[in-house]
Structure formats: structure tokens, C-alpha cells
Amino acid sequence: ANSLEKTRRIIGNTTVSNKLNITTGSNKSAGVSGAMTAGTITISTTAVTASSLIFLTAVGAGTGQISLGTVTAGTSFVINSSDVLDTRTVQWWIIN
């Protein structure tokens with residue numbers, strides 16, 4: 001088996017077009033937050049661990065710098081903005 005086939009077996013969640021398909025939503029490894037309040041939002045997901053790599057992308061116009069805050073393994077993580085008036089949503093995904 002080639003590398004892609006081995007990866008498919010490990011991940012078990014790819015499409016015919018060779019693209020990775022990750023289920024999103026509550027307690028999943030990817031999603032979109034609600035609007036931040038006072039420049040912060042907590043994402044509840046059991047998928048997060050102490051060693052998770054968490055990638056963030058702010059959606060929409062804004063001047064605040066997005067950063068990862070507190071991570072509570074098995075429970076949640078916090079997304080912060082340097083602008084307390086920031087109300088953007090944030091796309092996120094976790095690699096464990």
C-alpha cells in the first residue's frame with residue numbers, strides 16, 4: 001500500500017477525491033466558534049488534550065491578534081483576542 005492508502009486506514013475519514021474530511025461540531029476536532037464576547041470565547045470539546053496542536057483562523061474584519069489561552073484537557077480551550085471589542089468568530093482545528 002502507498003502512503004496515502006496507509007494514511008486513509010489510520011484516519012479512516014477521507015473522500016474519493018483524496019481530501020481529508022474531518023467531522024466538525026460539538027466534541028469534535030474542528031469547528032467554528034460563536035462570536036467572541038469581550039475578545040474571548042471558550043470552546044468546549046472532549047477532543048482537546050494537554051499536548052494538542054490547535055490551529056486558529058479568525059473570520060471577518062478585525063484588528064485583534066488571535067491567540068490560544070487556557071487548555072483544559074478533555075474539556076475545553078480558550079481563544080483570546082488582543083482587542084477586547086473583538087466579536088469575530090474563529091475557525092479551529094485540533095491535531096492530536
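This is a short tour of a predicted model, stop by stop, for you to follow in your viewer.

Before you start, note that residues are numbered from 1 along each chain as its sequence is written, and that side-chain values use heavy atoms, with hydrogens and water left out. Because the model is predicted, local features need pLDDT of at least 70 and side-chain atom pairs count only at pLDDT 80 or more, while totals for chains, interfaces and linings use all residues.

**Stop 1: the core**

Select M36, I41, I43, A47, V48, I54, F77, I79, V90, W92 and I94: these 11 residues form the largest nonpolar core. Such a core is a set of buried Ala, Val, Leu, Ile, Met, Phe, Trp, Tyr and Cys residues joined through side-chain atoms within 4.5 Å. Buried means under 20% relative accessible area, exposed over 50%, and partly exposed in between (1.4 Å probe, protein chains only).

Now colour strand 2 (40-44), strand 5 (76-81) and strand 6 (89-95), each of which gives at least two residues to this core. Strand 6 has the largest share, with 3 residues. Strands here are DSSP runs (E, at least two residues), numbered from the N terminus.

Next, centre on I79. Beyond its neighbours within four places in sequence, I79 touches M36, G39, T40, I41, I43, L56, I66, S67 and V90; contact means heavy atoms within 4.5 Å.

**Stop 2: the aromatic pairs**

How many aromatic pairs are there by this rule? The count is 2, where rings of Phe, Tyr and Trp (its six-membered ring) pair if their centres lie within 6.5 Å; planes under 30 degrees apart are stacked, over 60 edge-to-face and the rest tilted.

Show F55 and W93 for the stacked pair, with 4.7 Å between centres and 20° between planes. F55 sits in strand 3 (residues 53-59) and W93 in strand 6, so this pair ties together parts 38 residues apart in sequence. F55 is partly exposed at 36% relative accessible area, and W93 is partly exposed at 37%.

Then move to F77 and W92, an edge-to-face pair at 5.4 Å centre to centre and 80° between the planes. F77 and W92 are both buried.

**Stop 3: S33**

Finally, select S33, in the loop between strand 1 (30-32) and strand 2. S33 is buried, at 6% relative accessibility. Its side chain reaches the backbone nitrogen of V90 at 2.8 Å. Leaving aside neighbours within four places in sequence, S33 contacts I41, I43, T89, V90 and W92.

Methods:
Helices (H or I, at least four residues) and strands (E, at least two) are DSSP runs, numbered from the N terminus. A polar contact is a pair of N or O atoms within 3.5 Å; within protein, one must be able to donate a hydrogen and the other to accept it, and residues adjacent in sequence count only if both atoms are side-chain atoms.
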